[in-house]
Amino acid sequence: MSLQLVVTAGPDAGRVFTLQQGSDLTLGRGEKSFYRITDPRASRSHCQIAVEGETAVVTCNGGSGGTRVNGKKVDKHKLKLGDILQVGETQLRLQMGDFPLEVGLAVVTPDAAAKPVAPANVGQLEELSGKTLAHYEVGHVLGKGRSCVVFFANDPKNENRPIALKILLPEFSKNEEEMQRFVRAMKTILPLRHPNLVTTYAAGKTGPFCWVAMEYVAGETLRDVIKRIGVANMLDWKHAFRAALDIARGLDYAREQNIVHRNVTPTNILLQSTDKAHKLGDLMLAKALEGSLAEQITRTGELVGDLAYMSPERTRGLTDLDHRSDLYGLGATLYALLTGRAPFEGATMIEQITKIRQHEPVKPTKYQLSIPSLFQDLVMKLLAKKPEDRFQSAKDLLKDLERVGKFTGAKM
């Protein structure tokens, strides 16, 4: 993935320099400077920019006024994405280069003639059905969210492999900060492979659209399963037990990669029809959309996705969430699988959030007497208000699930 310096202030505002490998690549106003700017307050050879792996290092050459990073003078400094480099009156922000990304982070050039017109809402996104985006043949709609639509699609470059193609509204890609967050998140998850996580094959931007190409899982979401439970009779607790095992295994793997999902909900868990395995989807997407989500949760009268499954700390808008927040989401999902309803319901967003933060959930055995007390206690521990009172890791949860399996004879 290429790195770029975008000029955000100064005489050359709007220019973009794609950083190159090599030595003696200087930034300045001199004719021999590799990255040449016109700022009269910059020196002819103000500083050097060296690409080291996936980052860039700036070294001051003693230019007039010095070289600054985020307002502080530096002699030599390793830049992070989003850092502001200043020479003279010129400010440059470090960012990743253009999309798309594919597995291995290879750059793909989309067909310019195929660029679609930017729609204004999710409903208009559905008009992409039957068209081609990047190289994917977009089929019917699988599901819709507040800011995206998921389509069934074919990948002709991989023997017409069926995929689920999530396409975001174009307004998302207009925000530079959110775009950079999206790039970082997708770059993190592309290499990940686990049987209980939905595989992400590729991510990119074509025309106005950011998109994510994912494994297509034939089956249904746990949200659909819970809807049936609420209408019909209760689900055998062993189904919830198997979901707990599968998703805990996926979360344990995610933690080993230092990844927090941030949005473990029934909507994001798929039950595969062939082998009844559970797969957790949208890994890191909540992180990628953090800015959008934070804005949505503050809008009066609007609920963000599955508010009922948010941990108490997440309802407070905290961004430094850890794996225990994911475990709460799993606990709330298991509760709904056992009872046909979320742990806390409310007529308004404020009422629901208040219950999530302050009330204790009714024990699932009120709705289903056959639930073993060991398993009920496990679910209730996952729903503890304070993170320190929950299981401290998915690995700890798996140990208790094994104990439940041994005492009840439930299939592991």
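Valine 217 turns out to be buried in this predicted model, with a relative accessible area of 8%; buried here means under 20%, against over 50% for exposed and in between for partly exposed, using a 1.4 Å probe and protein chains only. The residue sits in the loop that links strand S18 (209–215) to strand S19 (219–221), where strands are DSSP runs of E with at least two residues, helices are runs of H or I with at least four, and both are numbered from the N terminus. Leaving aside residues up to four places away in sequence, valine 217 touches Val198, Leu270, Gln272 and Lys279, a contact being heavy atoms within 4.5 Å. The C-alpha atoms of valine 217 and glutamine 272 are 6.1 Å apart, though 55 residues separate the two along the chain.

Next comes the sheet. S19, S20 and S21 make up an open sheet of 3 strands in the order S19-S20-S21, with antiparallel pairing; two strands pair if DSSP finds at least two bridges between them. S19 and strand S21 (278–280) are the edge strands, each pairing on one side only. S19 is joined to strand S20 (residues 269–272) by 3 bridges, and glutamate 220 stands opposite leucine 271 in S20. Helix H5 packs on the sheet and touches S20 and S21, its direction making about 40° with that of S21; axes are lines fitted to C-alpha atoms, for helices over the stretch in contact, and angles run from 0 to 180 degrees between N-to-C directions.

As for numbering and cut-offs, residues count from 1 along each chain as its sequence is written. Local features need pLDDT of at least 70, side-chain atom pairs count only at pLDDT 80 or more, totals for chains, interfaces and linings use all residues, and side-chain values use heavy atoms, without hydrogens and water.
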